[in-house]
Amino acid sequence: MLYINGEWIEPHSKKYYEVTNPATGELLAKVPHASKEDVDLAVSSAREAFDKGPWPKMNPRERGAILHRIGSLIEKHAEELALLESRNNGKTLKEAKRGDLPPAAEIFHYMAGWADKYTGETLPVSGPYLNYTLREPVGVVGAIVPWNYPLLIACWKLAPALAMGNTVVLKPSEQTPLTALRLAELLQEEADLPRGVINIVTGFGDTGAAISSHRGVDKVAFTGSVETARAILHASAESNLKRISLELGGKSPNIIFPDADFERATRAALWGVFANKGEVCSAGSRLFLHSEIYDRFLSHLLDKTRTLVVGDPLDPETDIGSLVSGEQLSRVEQYVSTGLKEGAQLLCGGSRVTTGAASKGFFYQPTIFGQVTQKMTIAREEIFGPVLSVIRFKTEEDLIAMVNDTPYGLVSALWTKDIERAHRMARQIDAGSVWINDYNCFDSASPFGGVKESGWGREMSHDALNEYTRVKSVWIHLG
Ligand code: NAI
Ligand code: MG
């Protein structure tokens with residue numbers, strides 16, 4: 001069913017599709033494939049809630065209290081939601097419990113605090129005027145999200161949008177709509193959110209396209225592929241020039257200098273690329289090793305990689321679950337065969353796992369390619385699977401040229417004890433984040449997002465609030 005105007009309704013299209021567990025093939029649910037008419041209804045509901053409902057006009061502290069309530073609701077149901085996420089996405093249950101649910105709850109608590117604190121300014125203009133700015137919500141936000149962190153990425157958009165008084169039409173990925181739908185049930189039962197503030201339409205790319213081309217939508221917040229981002233930009237251009245924010249993944253460098261803390265750096269290189277089966281926009285999929293430590297580091301990393309357990313996502317001993325779909329599996333297989341053809345050295349992995357608990361799903365071995373050059377496809381394109389490309393460097397100058405020789409620029413990491421080098425590099429790397437002596441540093445208070453073709457705009461932090469507000473300048477002649 002679709003969640004529109006606080007109610008569960010049948011799709012106008014009467015079309016449903018099957019959502020399955022990618023690790024087992026088990027049928028999980030039948031979900032509507034929303035049509036243009038369904039999107040129209042969801043947008044009118046959000047429009048009505050914005051134009052006539054209490055939400056944008058509500059005392060912001062009261063709105064903040066509702067956001068805290070949503071955060072607590074997610075905490076209360078975290079176990080259940082983590083299990084659902086694991087079954088729908090194929091990620092391990094322990095990853096869902098640790099990596100998906102706590103930050104999904106926290107972003108609501110964090111943004112709740114901003115509801116009454118993101119203010120305008122009084123500005124020192126010339127002449128006999130008082131000039132001040134108002135921060136206003138943009139209106140109806142279309143949130144189009146992917147399948148790798150389904151609930152978390154939805155919450156990264158919902159929380160700031162709601163905190164600032166917007167209303168939302170959320171479209172989860174066709175593969176992974178179940179946690180968003182469950183969240184809507186919980187909201188309906190326990191959150192006291194006014195009708196129409198959150199609407200959820202499930203469906204495929206055409207459902208997303210109906211949102212991005214809709215004249216009643218004021219902004220689209222998108223996470224996903226560059227290809228779809230281009231389609232959304234066209235749709236905005238051809239409709240009402242709606243605002244867009246984009247988070248589009250990357251080919252992020254993880255750089256190890258000879259003076260790195262070896263043990264921590266190997267662990268980070270390992271989890272930087274193999275966490276969530278490599279289906280992570282911030283994956284450290286290019287590992288740059290200084291030639292002095294290339295062999296030693298790599299052999300240590302290979303030892304660790306060989307201990308990783310691929311299999312049943314619900315088993316606490318498992319490290320790597322199932323890829324999200326057969327389509328994603330063939331994408332990974334194609335990249336691996338391209339890597340081999342272009343002369344990279346396959347050091348471990350390189351094939352799917354089909355034995356035991358893995359026989360029914362889309363499991364792939366953690367894979368490492370050595371002697372990769374920056375010209376190879378596997379160093380240039382986002383694979384979005386458990387595949388690491390290792391590149392050798394000698395000088396800082398060569399390194400920077402290779403690191404920035406990519407259309408992407410999401411995150412980056414570097415490992416060194418030399419403080420001057422660390423800060424020098426932080427300025428030179430083209431990326432939205434630079435992590436020094438760690439990997440995957442995330443916090444609701446810190447902005448996350450890309451440069452270049454990794455996208456525009458930021459998630460989390462007060463920078464995200466800018467994406468969900470517009471500024472109005474008010475002038476008063478003082479006589
Ligand atoms: P996608 O970008 O096509 O899908 C993301 C969302 O956009 C889904 O909800 C989808 O239904 C929707 N969508 C698809 N076509 C649309 C359109 N024309 N207009 C509006 N919405 C549309 O991503 P896909 O095809 O699932 O994955 C392809 C590749 O994209 C992956 O292999 C990976 O490289 C990258 N990707 C990056 C993500 C990130 O976190 N930055 C997340 C997911 C995928
Ligand atoms: Mg696609």
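Into which domains is the protein chain divided? I started my notebook here, keeping in mind that this is a predicted model. I found domain 1, made of 2–248 + 454–477, and domain 2, covering 253–443.

**Entry: the two domains together**

I looked up how far apart the domains sit, and their C-alpha centres are 31 Å apart. Next I checked who touches whom: 25 residues of domain 1 contact 34 residues of domain 2. I also noted the area buried between domain 1 and domain 2, about 2,200 Å². Carbon and sulfur atoms give 55% of that buried area.

I then looked up a salt bridge between the side chains of Lys94 and Asp319, with 3.6 Å from N to O. On the side of domain 1 that touches domain 2, helix H3 (78–89) and helix H4 (93–114) are the elements giving two or more residues. I sorted the residues of that side too, and got ten nonpolar, ten polar and five charged.

**Entry: a look at Thr176**

Is Thr176 buried or exposed? I found Thr176 in the loop between strand E8 (167–171) and helix H6 (178–190). Its relative accessible area is 1%, which is under the 20% cut-off, so I wrote down Thr176 as buried. Setting aside neighbours within four places in sequence, I listed its contacts: Asn88, Asn89, Pro146, Trp147, Pro150 and Val324.

Definitions and conventions
Residues numbered from 1 in each chain as written. Chains lettered and ligands numbered in written order. Predicted model: local features only at pLDDT ≥ 70, side-chain atom pairs only at ≥ 80, totals over all residues. Heavy atoms only, no water. Domains from an automatic or database assignment. Contact = heavy atoms within 4.5 Å. Buried area = accessible area lost by both parts, 1.4 Å probe. Salt bridge = Lys/Arg side-chain N within 4 Å of Asp/Glu carboxyl O. Helix = DSSP H or I, 4+ residues; strand = E, 2+ residues; numbered from the N terminus. Nonpolar A, V, L, I, M, F, W, Y, C, P; charged D, E, K, R; others polar. Buried < 20%, exposed > 50% of the residue type's maximum accessible area, 1.4 Å probe, protein only.
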